[in-house]
Amino acid sequence: TKTRVDETQENTLNINLKEILAKSGPSPEELKKKEEAENKFNMMKQHFDAGIAALNDSATLRQQLKTAGADQGGIKDKLTTDYQTAITEFQQAEQGAAANPKDVKNHALIWGNLGQAYEFAGKYDDAANAFQKAIDLQPQPPFYEHMATSLAGAAVASTDPKDADAKIAAASAACDKSAALPAATPGPPNDRCYKNLGIILTNKGRMKDAVAPLQKATQVDPKDPDAWFLLGGALSGTIDTKTEGDKMVYIVPPGTADAYKKYLELAPAGPHAADSKAMLDALAQYSQGEDLSVSKRKKH
């Protein structure tokens with residue numbers, strides 16, 4: 001029995017190193033690409049984290065602003081700095097995310113936070129554009145909600161009535177799209193988009209424009225008392241008058257009293273209960289009109 005290799009046989013090992021390396025692990029080129037990708041991700045994350053830190057600091061400053069009294073200049077300056085820092089950092093993070101088109105979730109999140117930074121800074125058109133970018137990547141109710149409020153802010157700031165009307169219509173459409181998406185968590189219907197849109201328009205004195213979104217808010221969640229109170233306020237803000245003989249007649253939009261009654265039905269001891277009762281009393285007086293003849297007017 002032979003116990004050694006036959007001397008007549010070929011005893012040379014033919015080794016293909018490249019083939020073995022390819023089977024055993026990534027090539028040097030692949031390792032380099034992986035390292036570059038990791039470095040880009042780390043840089044993107046650093047910019048993103050810095051932007052989040054600036055937004056968090058601005059939230060603290062906004063709370064301080066509520067109790068700062070007359071001395072608000074320093075806080076407002078710091079807020080401006082925070083907003084600009086957040087914008088710059090998220091812009092840098094976005095550039096890093098754009099290099100990896102497969103990272104859709106993070107890219108959308110960066111655009112969303114950039115939109116929020118623009119919104120806080122009062123750059124509403126830029127904010128709406130950023131939220132649209134986030135929506136294009138990953139449609140989510142919060143992105144639509146923020147786009148709606150950004151468009152409302154842009155509408156209020158616009159000096160062109162047609163442009164303002166178009167932005168308000170686009171804001172309402174964004175809320176419609178938000179409402180059409182499935183809720184992220186189970187619970188009552190989310191009327192926040194319509195309600196926030198109505199609040200912004202109401203606060204800026206655009207009562208007629210606020211009515212439609214607030215009506216939709218009560219349709220989405222009929223059990224939200226605040227939505228009903230806000231609707232009552234918007235409708236009350238559109239009350240008009242006309243003269244009939246010696247009387248001034250109040251033209252009260254349909255549903256005004258019903259909105260206040262609905263609030264009281266849902267929240268009889270709520271924070272707006274007293275105001276709702278007062279408005280119902282006033283509306284009852286309005287229904288009687290006001291005598292304009294000097295001899296019949298009440299003396300105050």
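The following questions and answers cover helix contacts and salt bridges in a predicted model.

Local features need pLDDT of at least 70 and side-chain atom pairs count only at pLDDT 80 or more, while totals for chains, interfaces and linings use all residues. Residues are numbered from 1 along each chain as its sequence is written, and side-chain values use heavy atoms, with hydrogens and water left out.

Visitor: Are α10 and α11 roughly parallel or roughly antiparallel to each other?
Guide: Helices here are DSSP runs of H or I with at least four residues, numbered from the N terminus. The axes of α10 (residues 225–236) and α11 (residues 256–266) come within 8 Å and cross at roughly 155°; axes are lines fitted to C-alpha atoms over the stretch in contact, with angles from 0 to 180 degrees between N-to-C directions. Angles under 35 degrees count as roughly parallel, over 145 as roughly antiparallel, 65 to 115 as roughly perpendicular and the rest as oblique. The two helices are therefore roughly antiparallel.

Visitor: Which residues of α6 make the contact with α4?
Guide: The axes of α4 (residues 104–120) and α6 (residues 141–157) come within 11 Å and cross at roughly 25°, so the helices are roughly parallel. Contact means heavy atoms within 4.5 Å. On the α4 side it is made by A108, G112, Q116 and E119, and on the α6 side by F143, H146, T149 and S150.

Visitor: How many residues apart in sequence are the parts that R192 and E145 tie together?
Guide: R192 forms a salt bridge with E145, the closest N and O atoms being 2.8 Å apart; the criterion is a side-chain nitrogen of Lys or Arg within 4 Å of a carboxyl oxygen of Asp or Glu. R192 lies in helix α8 (residues 192–203) and E145 in helix α6, so the parts tied together are separated in sequence by 47 residues.

Visitor: Is E145 buried or exposed?
Guide: Buried means under 20% relative accessible area, exposed over 50%, and partly exposed in between, with a 1.4 Å probe and protein chains only. R192 has 40% relative accessibility and counts as partly exposed. E145 has 8%, so E145 counts as buried.

Visitor: Which residue meets D224 in a salt bridge?
Guide: D224 sits in the loop between α9 (207–220) and α10, and its partner is in helix α8, 29 residues apart. The N to O distance is 2.7 Å, and the partner is K195.
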